[in-house]
2 protein chains.
Amino acid sequence: MTVGIRHDEMRKRNRAMVIAAVRQADRPSRTHIARVTGLSHSTISAIAADLIEEGIMREAPPGEAAAPRRGRPQIAIAPDPNAARVVCLLLSFNSLSAVLVDYCGAPIARHSHRLPTLALSREELMGATVEAVRKVTAGHGPILRIGVAVQGIADSAGKEMLWSPITPHANVSLGPVLEETFAVPVTVHNDSNLIAVALRWRRPERYRDNFVAILLSHGIGMGLVLDGHMFKGEHSSGGEFGHMNHRPDGPLCRCGKRGCIEAYAGNYAIWRRAHGKSPMEKPVADIDASEMEALANAARDGDARAREAFREAAEALGYGLGNLFALIDPAPIAVVGQGTTAFDLLEPEIRRYLAQTAGGQHADAISFEAESNEVPLIEHGCAMTALTSLDREYFAPALHLALPVGAPRREDVA
Amino acid sequence: MTVGIRHDEMRKRNRAMVIAAVRQADRPSRTHIARVTGLSHSTISAIAADLIEEGIMREAPPGEAAAPRRGRPQIAIAPDPNAARVVCLLLSFNSLSAVLVDYCGAPIARHSHRLPTLALSREELMGATVEAVRKVTAGHGPILRIGVAVQGIADSAGKEMLWSPITPHANVSLGPVLEETFAVPVTVHNDSNLIAVALRWRRPERYRDNFVAILLSHGIGMGLVLDGHMFKGEHSSGGEFGHMNHRPDGPLCRCGKRGCIEAYAGNYAIWRRAHGKSPMEKPVADIDASEMEALANAARDGDARAREAFREAAEALGYGLGNLFALIDPAPIAVVGQGTTAFDLLEPEIRRYLAQTAGGQHADAISFEAESNEVPLIEHGCAMTALTSLDREYFAPALHLALPVGAPRREDVA
DNA sequence: CTCATTTTTTCGAGCCTCGAAAAAAAGAAT
DNA sequence: ATTCTTTTTTTCGAGGCTCGAAAAAATGAG
């Protein structure tokens with residue numbers, strides 16, 4: 001049972017709505033905010049005045065060179081970059097990077113280094129993340145939140161990394177450790193989910209209420225947005241598309257099961273097949289991008305084994321997408337990551353197999369878009385997730401709750 | 001962008017919340033409503049007074065023999081059965097039934113008859129539904145809404161039957177025809193989705209935020225509730241679990257594709273396999289329940305072909321559920337329909353195959369519950385869907401909107 | 001018959017949003 | 001240069017809603 005709406009709740013929601021409108025439009029005027037939120041000008045005026053006085057928003061020069069028109073010029077409103085700072089951590093195979101981001105989403109500082117994730121103990125891994133946050137925040141004042149993007153599965157509450165290919169340890173409690181150390185809320189996210197978040201911010205006209213983001217890389221990841229909501233499981237970050245079964249008793253997957261889509265379409269699987277290894281051979285830990293490029297080129301040049309490896313990858317992906325689309329209606333697909341450099345080889349075959357499934361009824365109407373570098377997307381998604389959490393939890397509270405440092409309440413100031 | 005909350009919107013929502021609380025609890029007191037909604041006693045008192053004055057609710061003798069306690073006795077509140085009536089239509093293979101239901105959900109009148117759905121023209125089919133509504137409402141005053149439950153796929157707006165095995169016609173516009181004839185809102189639903197709705201009302205302690213309802217019958221249907229929301233596609237009623245692909249190039253499915261789960265686990269598939277027919281033989285239209293019972297008994301008695309048919313059905317279901325659970329986290333499963341009479345044969349095998357998939361990690365923790373008769377569930381789900389729509393759209397409007405006949409507004413009365 | 005207890009209603013205070021009108025800020029017209 | 005137009009933003013009073021506290025109601029216990 002959802003809880004009833006009380007009076008302060010109403011203000012809270014409308015504040016949140018105004019903040020969201022400011023983030024979505026680029027420096028909108030009050031009039032524009034009133035239009036998109038459906039609230040009256042007077043209400044927007046009041047809320048905007050509050051937000052500005054509290055240091056959350058500020059008036060700014062108008063965005064896209066507004067053609068000088070008759071009448072009182074619009075006053076653009078933008079988030080105040082100094083209202084808050086958050087840290088985004090990106091943890092992936094042999095690599096950890098941290099970015100300090102201002103309240104507008106612009107990076108302030110950046111720090112990344114390589115580390116042998118597979119070899120680290122649980123404590124060393126957590127210690128490294130703590131250290132990365134320390135380094136990137138050094139000399140930049142307090143932060144209000146930390147977001148962590150991980151390869152692998154997070155729990156739905158965003159506190160732990162339940163499983164990840166980058167480490168032998170399960171249930172790594174990154175959230176609690178960072179929360180205790182830095183005394184700010186921390187959430188751990190699956191990287192593919194964050195890619196979907198980023199696509200939503202970058203291309204809302206294409207990626208809005210229903211779409212699929214697929215990460216083709218060493219493994220296969222998926223972020224799914226349904227009905228405008230990021231899709232998550234009850235316990236885990238969910239959406240393990242790569243571990244749907246393609247063929248019972250198929251090749252060995254990194255997860256230990258057999259016949260997963262990833263065991264056909266992950267880099268290691270394509271590499272294993274193209275090199276004529278046994279399908280039951282244990283997946284190698286990592287493969288250089290250049291090596292995958294070479295395989296793709298071999299396939300383009302007609303190398304039979306390489307062609308077959310990519311064909312089988314496409315078959316698994318095609319049937320997998322078909323099965324997904326049997327459950328949800330077909331939706332725009334974004335394909336992201338290193339694997340997209342061979343997408344010219346994959347796409348026609350994917351479409352061919354997709355057309356053979358019930359979900360692929362109108363396979364030719366299904367559209368793919370590829371983007372090879374996933375890292376900026378993950379970072380962007382992580383930042384926006386952290387910032388919108390701030391928007392909701394810190395900057396749109398019921399008014400009698402305490403506000404964070406740097407955001408004095410109207411009454412406190414007057 | 002969600003729209004802002006205005007003042008009348010607040011009242012509307014809180015009214016809706018109170019009505020929902022009354023439906024969910026059995027004849028709650030005002031105090032109970034205040035507790036579950038989180039609203040104050042004064043607010044509940046005011047809203048309840050409005051609802052009673054408008055004829056939507058009424059005070060009723062307390063529900064479950066409240067032990068006589070000290071203090072002022074609670075006054076139970078219940079929906080006024082006379083506030084509205086709705087019609088539920090159940091359209092399935094060779095059968096059409098209509099139920100007239102009061103605002104409490106109790107059936108007032110019922111009418112059903114057999115008709116050769118496969119042979120009917122589009123117009124005859126629609127005409128039959130109109131006639132069924134006429135018959136069941138005759139002499140009972142006006143209705144406020146019609147819900148239609150169909151085997152097959154509805155569009156997400158609930159206006160059309162996009163595809164159904166019971167008729168050769170696609171895109172049958174049941175909604176518009178009935179809406180025009182009876183001048184009330186009409187929604188068309190997939191039957192499996194309604195089963196899920198009914199389970200939610202009947203067993204909220206087990207079926208609430210995340211669960212799967214599987215309909216095992218001539219075909220395979222699925223209703224999926226995720227995060228408390230009925231799962232639907234963007235265009236269709238969605239969740240075509242039965243048409244996920246089990247084996248590329250597998251047996252011929254009723255949908256025309258090959259290797260769908262249904263082509264292994266639907267009654268027609270089990271029958272085809274057990275009778276040694278070719279996997280590519282066109283599925284028969286219908287199979288008598290007694291014949292399926294006989295097959296199940298043969299399998300129990302050790303008949304090899306029958307055993308194998310059920311084993312293959314279980315394999316397809318097991319892998320299919322595993323794939324589903326790779327996407328969503330495992331959730332309680334309700335298995336409904338004629339096919340459950342053989343569930344003793346299926347369940348152990350389903351678990352065995354499920355355990356071989358990534359989604360079946362903890363296969364032994366996944367629980368099944370079977371219920372053989374789906375019709376009462378579909379009817380119940382259809383009724384509750386229609387009634388809760390009324391609750392929201394008619395009985396919790398912004399106050400300056402018109403109210404339907406039979407529910408005079410406070411001002412009109414005073 | 002009075003007291004204790006629990007539920008329900010009443011009442012005034014405090015917020016919030018809204019519409020209308022006023023104020024502000026520019027370009028256009030004279 | 002000054003006045004008109006147009007558009008945006010702010011101000012202000014009205015109305016509606018929820019809340020907490022207190023009162024009223026209804027019953028069992030003593």
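Predicted model: local features only at pLDDT ≥ 70, side-chain atom pairs only at ≥ 80, totals over all residues.
The contact between the chains involves 51 residues of chain B and 51 residues of chain A. About 4200 Å² is buried between chain B and chain A, and carbon and sulfur atoms account for 59% of this area. In polar contact across the interface are 14 residue pairs, both members of each being at pLDDT 80 or more. Several elements of chain B supply at least two residues each to the side that touches chain A, namely helix H1 (7-24), helix H2 (30-37), strand E11 (220-226) and helix H10 (304-327). The largest share, eight residues, comes from H1(B). Divided by class, this side of chain B comprises 22 nonpolar, 20 polar and nine charged residues.

Over all chains of the structure, the search finds 46 salt bridges. One salt bridge in chain B joins the side chains of B:Glu9 and B:Arg13, with an N to O distance of 3.7 Å. The two residues lie four apart in helix H1 of chain B, which means that B:Glu9 and B:Arg13 are separated by about one helical turn. Helix H1 of chain B is also the element that gives eight residues to the side touching chain A.

Strand pairing was examined in both chains. Strands of a sheet pair through backbone hydrogen bonds, in either the parallel or the antiparallel sense. In chain A, five strands form an open sheet with mixed pairing, in the order E12-E11-E10-E13-E14. Strand E12 (229-230) and strand E14 (368-371) of chain A are the edge strands, each pairing on one side only. Within this sheet, strand E10 (residues 211-216) and strand E11 (residues 220-226) of chain A run antiparallel and are joined by six bridges. A:Val212 has A:Leu224 in E11(A) as its bridge partner.

In chain B, strand E4 (residues 95-102) pairs with strand E5 (residues 107-114) in the antiparallel sense, over seven bridges. B:Val101 is bridged to B:Pro107 in E5(B). E4(B) and E5(B) form a hairpin, with four residues between the strands. The turn of this hairpin contains B:Gly105, which has a positive phi of about 100°.

Technical notes: Residues numbered from 1 in each chain as written. Chains lettered and ligands numbered in written order. Heavy atoms only, no water. Pairing = 2+ DSSP bridges. Contact = heavy atoms within 4.5 Å. Buried area = accessible area lost by both parts, 1.4 Å probe. Polar contact = N/O pair within 3.5 Å; in protein donor to acceptor, adjacent residues only side chain to side chain. Nonpolar A, V, L, I, M, F, W, Y, C, P; charged D, E, K, R; others polar. Salt bridge = Lys/Arg side-chain N within 4 Å of Asp/Glu carboxyl O.
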